[in-house]
Amino acid sequence: MPPVDDSLTGRAYWRSLEEYAGSPQFRDLLGRAGEAIDPDSLGYSRRRFLQIMGASLSLAGLTLTGCRRWPEEKIAPFAQRPEGRVPGVPEYYATIAQRGGVAHGLLVESYDGRPIKIEGNPDHPFSLGASEVWDQATILTLYDPQRSRSVAKGPGEALAASDWAEFEKFIQEQIAGRKGDASSGLAVLVEPSDSPTLARMKARFLEAYPKAYWCQWEPVNRDQELEGGRLAFGRSVRGRYQFGQAEVIACFDADPLYFHPAALRHARDWAQGRKSADEGRMSRLYVAEPTFTTTGSVADERLPVRASRVPELVQALAVRLGVVSGQAGPLNGSTAFIEKLVTDLQRHLGRSVVMVGPSQPAQVHALVWAINDRLGNLGRTITLYEDPAGESPTQTEQMRELVRRMNAGLVDALVILGGNPVYDAPADLNFAEALGRVKHAVHLSLYQDETSHRCHWHLPRAHDLECWGDGRAWDGTASIQQPLILPLFGGKSPIEVLAMLLGEPADGLAIVRETWRGHLGLNFDSAWRKALHDGVVGGTAYPQVQAKPQVAGVELPPRVEGEFELVIQPDPSLYDGRWANNGWLQELPKPLTKLTWDNVAMVSVSDAKRLGIKRGDVVKLAVDGRELELPAFPMPGQAPGVVAVTLGYGRTHAGHVGDGVGGDVYRLRTSGASHVAAVALSPTGGHSELAMTSMHFLIDPLGERTVRLRVGEKGESGMIVREATLAQYRAHPHFAKEEHGDVRLQLFEPPVEFNDPHAWGMTIDMTACIGCNACVVACQAENNVPVVGKDQVIRSREMHWLRIDQYFKGDPEGSPDVVHQPVMCVHCENAPCEQVCPVNATTHDSEGLNVQVYNRCVGTRYCSNNCPYKVRRFNFLDYHAKDPRGGAKPWLGMPDTQQDQMVDRLRRMVFNPEVTVRMRGVMEKCTYCVQRIARAKMAARNAWAQGQRPDALVRDGEVITACQQACPTQAIVFGNLNDPNSRVVQHQKNRRAYALLGELNTRPRTQHLAVIRNPAQT
Amino acid sequence: MATLGTIQHEAPPVDIDNTHDDPRHRAPLVTGDNDFASVTTKVAQLAQRPPALWWWVALAIASSLAGLLLALIGYLLTTGVGVWGTNIPNGWAFPIVNFVFWIGIGHAGTLISAILFLFRQDWRTGINRFAEAMTIFAVMCAGIFPAIHVGRPWLAYWLFPIPNQMAMWPEFRSPLLWDVFAVSTYATVSLLFWYVGMIPDLATLRDRAKSRLGQIAYGVLSLGWTGSMRQWHRFEKAYLLLAAIATPLVLSVHSVVSFDFAVSQLPGWHTTIFPPYFVAGAIYGGFAMVLTLAVPARYLFGLQQIITKRHIDNMCKIMLATGLIVAYAYGIEYFIAWYSGHHYEQSLFVHRLFGPYAWAGWLLLTCNVAAPQLYWIKWCRSNPVMVMIVATFANVGMWLERFVIVVGSLNRDFLPSSWGMFYPTWVDIGMLIGSFGMFLTLFLLFCKFLPVVALAEVKTVMPQAHAPADHGDLRATLGDEVRSGGRH
């Protein structure tokens, strides 16, 4: 597929005219030639149109060569089809995405050269087919109309348009001459990456510019973890945790199931140890943490504790296990937790994992290594790998050094390849000011962001799906990153820019192939093709480390004192802020708070009560004189004294979607206290309305009481959430069905007979669900679900077909349990929505799908009123065409919500062509991914027609719904209920399976599997 | 009629109290010293004389509000139903509340004209014309809302069973479809009934019209009425038949509207008491609206002797009776919620009184249960200010009742994760006010251009109609009985 500029904007056409005629008048006339032309801003008046047409005609006449045809467009039905290509049948390519320098294996679905959906690569050991929210959402960033479209020159608010040729001239004039000893004023700032090609290019770059300073920085880093390993082992290591083999898992302020480079694998392994509850055994998860994390939400034993107290807790554990000698400090209220944990760990020697999170000091990490060693876990449940960081200083130190050099005037040319240090560097370093002292600052990024506006050169970066590269998984397994599409805006990748700096052609493919030429053996071409096909290169893991930790003499750092401590975490949706312009992620209800379009200062419920703070009240946070105002959010299960905030908000140059959303926590984050800091909290009296998709917790007392009745008290089964402990489950295996039993009353036979060989059904295992939201974004991407914007979420009009209901059970001031209950249309056989629709727009098909006929729907919304699950979503406005941020207010300050002619040309490229894009006034809901069912049925029928299989039935596993595919814990199972051997039938036969609200006689096709917890016996 | 003139000079009290319950005396239905001619003059002059200043002021206000409604509908159609506060879970809110409210208002007219006609309640003649007009206008207001509340109003005609190339029929099991039939039938029959009953009076206006335009317009509308005995005979047969047809509709239309709720399975909606409860509520609310219009109208138009205190008194009593039925229905709802042992049902009714919309729940009980009890007191029924206050309470209460049923049930249903509040937008409120504007505009135009009292019918309940066929001086023959307006 050609770049957008050629096919859609005609930019090459005008530019070629200008090149042919070389007329400056024409350039003036066009006004914007040379600059990247936004296709949508090209609105010509009639007069202007005639001017330009006149000018074109005369210029064309002058040169006779100006008459050019538009770029060729291919139409779908080829007269002679290219071999191997079937129009309308998507192709899949394996590639990777990287975060924190670690690669995730992806499989990207591409329609006619247009990538539209990302899945995990089933062959990749750290994906196994699952994906994270960011993997899913990156496709939206690819087609973000606000991505940078051309090289630009700054600094300043408005960057001047430029192009790559001019930048090359700059390299010739300013950089190329510094080779050798003259390179001392040169510095390169990159995002950390384990990519072999980047490492090779770094080596080559430093060879050419030996005195240049090479710095790695990413705000969400694992510095302290790395330091801890060095402290314990004297070298850089990383642990590969085998949660599948661990029977006791203890996490101290760690979130291995969400914020970890290997989270997907962790979640898969962990879920194995949970689902085995049906066989009577189950792992037990202990979590001590300051505020709820994904991992904490599924803990069996959870202790809310101040982050600054975690080191003492770990030390107490170490003392009790005999790892270190000495006296444990006072354990105010934590004794029971530690005692239970100690007993459990001693019973499961070599079958446990103790883990501490990246926000804890290095000394704690060292202690935990020693504890794991004492428990015999190293080499069993934890494999140690050599970390590629080697001897290099931590990223924070590197950043500090870079700023020191910049301030000292030692850097006069800085090349920033990716990242956004002006926004996310530690506040005390004042990176922006230091950047002002650099004479030539070059910044490569996807957006013209905060850093771009302070640099002399902005270079558009190629999206991960647009460029060649490579990367390595958490254990070192390498993958090659292959582009799915040519760069839409002519962007380049970091390795290509490095090649340019070396004076070489910016040819990503050649650079990556060069790296791998040595590694892939003699038969390079076929090995290369295999590597691209598989998405992994076998046998490339890091060397394993056999070492014994030494922790003698390790002293805990001084504790953060003060009434309140600030706990700074990456955001579950926006991560470090790089996704700020991604509408899917902005509107993704955050786990546990269900908050969208905002970040908040989470305070414990008891603190909120004491200070009289209500949800949404604006509080002022002050850390060492740095102040920030954020809306407060009383968070159940948060440790008193903790104020938890997330990074990534308060962007000023993120793009239209992300600008000005939330508050910038980086302003409070210093290099010395990047995770925990003493903070002063004071209410300001202001109030800010928060957009939450679900607000049933901490409401009025009557509402809370009603929720408790329906969900059940802590440790008890409720009406809508069935749960039991492992012991109770063993004693009463049929507890989940006892509540209401099977209510199948029917005065008359249902009008639809389900006589089709296919009867689709689903199960959702709530024991395995960790509430990670991957399914929510996957559904949004697969089904063209629109983003509605903050004001619409406040009005309860979010469009997600799949939501993850969260219920807290127990005392919000203590440590409540959490239930994650994913709910989407359950496809009732006796569907209440169907008989009330006056126009027959929602009906049943013979395979049991409750189908919504969009073009028949007139939008009475009666179906939604009558749906007890409230899974139907209504297009109150024309959400696809509208700007989720409200946009222009042309009249009386009213937002312009008029229907647009069409969706932005670029944005609509992300649409799944197999799913209707719904207009306003139409009801929609989960379809069980009917397009995937149809595709599988067609394939099965074709295979049968060609004699390849005995019948036209779809086999189990041939239809995988988008949510099912994304789920890291495989909590969702979909299949044919008429196939007795299918997994879904096995799951529905599971004793934990129950029909949500089945007492209403809706006969849902989706069943939920009850929650089983495994608390320690007292 | 010189004698008549002298009596007028005596200036008797205009508003005569005829609410006495003396069984020896049948209370007169037209008070004062009126005969056929004076009644005709009093009513017809309203249409003949140029309107008063207050009429112009009221029309200006009402029609601007009606204009607001039309403008907001335009805004809605171009933008989408998102201009309202409607959301998920509150898929229905103001528009449906307004629809049910206006349909309910529309009940009193047909009840007065049809059911009371069949029951020979002669006092209905004084008020039936404008009560029916009110019905028509209320149904018009009601009809707007379901049409515009759908997401794609330009396709709303798909609700009608029109044969089409898609071979698609509507879903006959859907109560919304029953609504379409019920409301359109009701509107048609009510309009017909109103118009047929008005033909003799239109002929009167035609005969009295001075302007050419008036003569033509009333002439066309009166369908060549001459008042011949044969025409009277046919007219009365037709009127009786239409009354018989309209009577079941009074009961059916609101029963069907209540099915919108009762047939669904939402707690708070799914209840069998809804049809009778809705009908009683509609009559209660309809009479409240008739009173709201009648009490000021009889002063403003000088009709105190035709719409007498007795009429007001009777209507108050009907409100009291139907209000008690409504109160009983409320009680039964709460009782059954408790008695059913159904958690979702119970939680809903606790929420009605103590949930986020408790203010509406309590206000509703105040307006619909407490306020009408004042009508037990005779003074409250005869004091126009008190009558107006209670009727206004009832109007507010009946709107709130639908709000409590619709939003109060939707906002917290089965799964707590889906709970959500409804907040009206300015468009919601503007449309509610605008619908009142439209209603009043139509009503004011009706008062100006059409006979506000059924002249022909009123005359039949006057003593003169029952006098012996003596063509002499009626007064001389009948003496005092004419004065008291009694009837043989």
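Reply: Start with pairing: two strands pair if DSSP finds at least two bridges between them. Helices (H or I, at least four residues) and strands (E, at least two) are DSSP runs, numbered from the N terminus. In β11(A), for instance, Arg302(A) is the bridge partner of Val287(A).

Me: What kind of model is this, and how are residues and chains labelled?

Reply: The model is predicted: local features need pLDDT of at least 70, side-chain atom pairs count only at pLDDT 80 or more, and totals for chains, interfaces and linings use all residues. Residues are numbered from 1 along each chain as its sequence is written, while chains are lettered from A and ligands numbered from 1 in the order in which they are written.

Me: Which strands pair with β11(A), and in what sense?

Reply: Strands of a sheet pair through backbone hydrogen bonds, either parallel or antiparallel. Here strand β10 (residues 284-289) of chain A pairs with β11(A) in the parallel sense, over four bridges.

Me: What is the order of the open sheet of four strands?

Reply: The order is β11-β10-β9-β12 in chain A, and the pairing is parallel. Neighbouring strands are turned by 5° against each other on average, direction ignored; axes are lines fitted to C-alpha atoms, for helices over the stretch in contact, and angles run from 0 to 180 degrees between N-to-C directions. Helix α11 (residues 310-320) of chain A packs on this sheet, where it touches β9 (248-252), β10 and β12 of chain A. The direction of α11(A) makes about 145° with that of β9(A). Contact between two residues is taken as C-beta atoms, placed from the backbone, within 7 Å.

Me: What is the order of the open sheet of seven strands?

Reply: The order in chain A is β5-β4-β16-β15-β14-β6-β7, with mixed pairing. At the edges are β5 (160-161) and β7 of chain A, each pairing on one side only.

Me: Where is the antiparallel pairing?

Reply: Strand β4 (residues 152-153) of chain A pairs with β5(A) in the antiparallel sense over two bridges. Ala161(A) in β5(A) is the bridge partner of Ala152(A).

Me: How many bridges join β6(A) to β7(A)?

Reply: Four bridges join β6(A) to strand β7 (residues 213-216) of chain A, and the two run parallel. Leu189(A) stands opposite Cys215(A) in β7(A). β6(A) also pairs with strand β14 (residues 413-417) of chain A, in the parallel sense over five bridges, with Ala187(A) opposite Leu414(A). In the latter pair, Ser445(A) has Pro460(A) as its bridge partner in β16(A).

Me: What is the handedness of the β-α-β unit that β6(A) and β7(A) make with helix α7 of chain A?

Reply: A crossover is right-handed if, with the strands pointing away from the viewer, the path from the first strand over the helix to the second runs clockwise. The unit of β6(A), helix α7 (residues 196-208) of chain A and β7(A) is right-handed.

Me: Is strand β6 of chain A buried or exposed?

Reply: A residue is buried if 20 or more other C-beta atoms lie within 10 Å of its own, exposed if 12 or fewer, and partly exposed in between; C-beta atoms are placed from the backbone. Five of the five residues of β6(A) (residues 186-190) are buried, so the strand is largely enclosed by the rest of the structure. Both faces are covered: Leu186(A), Val188(A) and Val190(A) on one side, Ala187(A) and Leu189(A) on the other. β15(A) is mostly covered, with five of its six residues buried.

Me: Which helices lie across these strands?

Reply: Helix α14 (residues 395-407) of chain A lies across β6 and β7 of chain A and runs at about 135° to β7(A). Helix α17 (residues 494-501) of chain A lies across β6, β14, β15 (440-445) and β16 (457-460) of chain A, at about 155° to β14(A). Eight of the eight residues of α17(A) are buried, so this helix is largely enclosed by the rest of the structure. Just after α17(A), Gly503(A) takes a positive phi of about 80°.
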